[in-house]
Amino acid sequence: MLQCTAFTELPEMGARVALMGLEGGPGAASEAPDLDEFLLCELGEHEETIEHAAQLWSASARAGRDLWMFWTDAEADARRKFRFTELLPCPAVIHRLSVQEGDACVLYDRHPVAHSWDVTDPLADLMAERIREEVRRDRDGGGGLGAQA
């Protein structure tokens, strides 16, 4: 399943207020993480009736809750509506070849649609492949663009 392509501008003040109120969160404003200016929905493709979601903060394992931002596009006034919520992580783990090790779903508990391991992001995959190619080229002595003469 492809990743949802919805994105939104982060309401920075709302995000900082939500972060400061987290149990086990950054606490002081100086400890708050740098936040991206825009957020991309982390869910797989979904119906318009389901809110878009992006994780803002992953708490310590002790705190056990993560901060997520949810948003919808309002039809009437064309303004985005957003909310911040602390949620438990999804407990699902997929074991491929080993019972000992597995990949945990990185979404929130009871999320709609597919688990994170079933969601593919073609742009991220393309960027990762390009980076791997550059590393291989540098490692093999091929150098960058300037080395082609």
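The side chains of Arg 132 and Glu 129 form a salt bridge, 3.1 Å from N to O. The term covers a side-chain nitrogen of Lys or Arg within 4 Å of a carboxyl oxygen of Asp or Glu. This is a predicted model: local features need pLDDT of at least 70, side-chain atom pairs count only at pLDDT 80 or more, and totals for chains, interfaces and linings use all residues. Residues are numbered from 1 along each chain as its sequence is written, and side-chain values use heavy atoms, with hydrogens and water left out.

Arg 132 and Glu 129 are 3 residues apart in helix H2 (residues 122-139), so about one helical turn separates them. Helices (H or I, at least four residues) and strands (E, at least two) are DSSP runs, numbered from the N terminus. Arg 132 is partly exposed at 43% relative accessible area. Glu 129 is partly exposed at 28%. Here buried means under 20% relative accessible area, exposed over 50%, and partly exposed in between (1.4 Å probe, protein chains only). Salt bridges with shared partners link Glu 129, Arg 132 and Arg 136 into one network.

## Other salt bridges

The whole structure holds 5 salt bridges. One of them joins Arg 16 to Glu 12, at 3.2 Å from N to O. These two residues lie 4 apart in helix H1, so they are separated by about one helical turn. Arg 16 is partly exposed at 25% relative accessibility, and Glu 12 is partly exposed at 44%.

Arg 139 and Asp 140 also meet in a salt bridge, 3.8 Å from N to O. Both Arg 139 and Asp 140 are exposed.

Three strands form an open sheet in the order E3-E4-E5, with antiparallel pairing. Pairing requires at least two DSSP bridges between two strands. Strands E3 (52-58) and E5 (80-87) are at the edges with a single partner strand each, so one side of each has no neighbour in the sheet. E3 and strand E4 (residues 66-73) are joined by 6 bridges. Gln 55 has Trp 68 in E4 as its bridge partner. Helix H1 (residues 12-20) packs on the sheet and touches E3, E4 and E5. Contact means heavy atoms within 4.5 Å.

## Leu 67

Leu 67 lies in strand E4. Leu 67 is buried, at 2% relative accessibility. Beyond its neighbours within four places in sequence, its contacts include Ala 18, Leu 22, Leu 56 and Phe 84. Leu 67 and Ala 18 are 49 residues apart in sequence, yet 8.0 Å apart in space, C-alpha to C-alpha.

Definitions and conventions:
Axes are lines fitted to C-alpha atoms, for helices over the stretch in contact, and angles run from 0 to 180 degrees between N-to-C directions.
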